[in-house]
Amino acid sequence: MYKKLLVFNVLLAVFANDPTAFAKTEDPSQTQESTMESTSGAASRKHALTLELLGRGGLYSFNYDYTVMQDLAVGVGAAFYSAGGASASVFPLYASQYFGGENHRFMVTGGPTLVLASVDADSATLNGKGIAGTVGAGYEFRADSGFLFRATPYYNFGALSGLWLGVSGGLTF
């Protein structure tokens with residue numbers, strides 16, 4: 001399961017890098033300059049780096065999003081925790097669908113969150129892994145300057161199921 005998910009994400013990242021690479025332009029008079037004009041501002045920034053608090057990764061996570069199409073993005077995050085001989089690594093994988101304008105948008109998002117944990121106790125190390133599902137719907141603001149803000153209520157399906165609010169800030173480029 002993990003290998004299939006990893007292969008899918010790698011293939012998606014490789015082939016989604018330029019979704020227009022295999023598209024034919026019907027109008028030969030269309031120039032690169034006119035194409036650039038139609039994707040100026042916030043919509044032209046396909047990459048996002050964010051710090052999310054109380055989100056998909058627990059207390060915090062660092063996330064990277066790639067906009068595959070104008071209203072669809074995929075992303076991955078990472079968070080690391082350690083306390084008293086126990087440690088956990090959390091990796092949210094997700095897709096987000098956007099509705100609305102270029103700067104102010106409503107979004108729905110969801111995906112699996114992988115958790116790898118380890119506990120050292122009395123000369124023995126216990127290792128474990130798990131997966132949980134996370135879904136959410138919220139608001140995103142993308143400024144033309146590259147600033148990004150999100151507020152998203154999430155619901156987690158898994159051992160720690162529940163509803164909570166995540167807040168993200170970051171940059172688009």
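Two strands are counted as paired if DSSP finds at least two bridges between them. By that criterion strand S5 (residues 104-121) and strand S6 (residues 124-142) pair, as 18 bridges join the two in the antiparallel sense. The structure is a predicted model. In this model eight strands close into a barrel with antiparallel pairing, and a network of salt bridges links Asp 65, Arg 105, Glu 140, Arg 142 and Arg 150.

**Barrel architecture**

- The strand order in the barrel is S1-S2-S3-S4-S5-S6-S7-S8.
- On average, neighbouring strands of this sheet are turned by 25° against each other, with direction ignored.

- Strand S1 (residues 47-53) pairs with strand S2 (residues 60-69) through seven bridges, in the antiparallel sense.
- Opposite Glu 52 stands Ser 61, a residue of S2.
- The hairpin of S1 and S2 has six residues between the strands, and Leu 54 in its turn adopts a positive phi of about 55°.
- Strand S3 (residues 72-83) runs antiparallel to S2, and seven bridges join the two.
- Asn 63 has Gly 77 in S3 as its bridge partner.
- Two residues separate S2 and S3 in the hairpin that these strands form.

**The loop between S1 and S2**

- Leu 54 lies in this loop and counts as partly exposed because its relative accessibility is 47%, a value between the limits of 20% and 50%.
- Leu 54 also belongs to a nonpolar surface patch with Leu 51, Leu 53, Leu 59 and Phe 62; together these residues have about 500 Å² of accessible area.
- Arg 56 is placed in the loop between S1 and S2 as well, yet Arg 56 is buried, because its relative accessible area is 8% and the limit for burial is under 20%.
- The side chain of Arg 56 makes a polar contact of 2.9 Å with the side chain of Thr 109.
- The side chain of Arg 56 also meets that of Glu 52 in a salt bridge, at 3.8 Å from N to O.

**Salt bridges and the charged network**

- Side chains of opposite charge can pair when their charged atoms come close.
- The count of salt bridges in the model comes to five.
- Glu 140 forms a salt bridge with Arg 142, the closest N and O atoms being 2.8 Å apart.
- Arg 142 and Glu 140 are both buried.
- Glu 140 also forms a salt bridge with Arg 150, where the closest N and O atoms are 2.7 Å apart.
- Because Arg 150 lies in strand S7 (residues 147-157) and Glu 140 in strand S6, this pair ties together parts that are 10 residues apart in sequence.
- Arg 150 counts as buried because its relative accessible area is 3%, and Glu 140 counts as buried because its relative accessibility is 0%.
- Glu 140, Arg 142 and Arg 150 are members of the network of salt bridges that also includes Asp 65 and Arg 105.

Technical notes
Residues numbered from 1 in each chain as written. Predicted model: local features only at pLDDT ≥ 70, side-chain atom pairs only at ≥ 80, totals over all residues. Heavy atoms only, no water. Helix = DSSP H or I, 4+ residues; strand = E, 2+ residues; numbered from the N terminus. Axes fitted to C-alpha atoms, helices over the stretch in contact; angles between N-to-C directions. Patch = residues over 30% accessible without salt bridge, like charges linked within 9 Å, V, L, I, M, F, W, Y side chains within 5 Å. Areas by Shrake-Rupley, 256 points an atom, 1.4 Å probe, with all protein chains shown as cover. Salt bridge = Lys/Arg side-chain N within 4 Å of Asp/Glu carboxyl O. Buried < 20%, exposed > 50% of the residue type's maximum accessible area, 1.4 Å probe, protein only. Polar contact = N/O pair within 3.5 Å; in protein donor to acceptor, adjacent residues only side chain to side chain.
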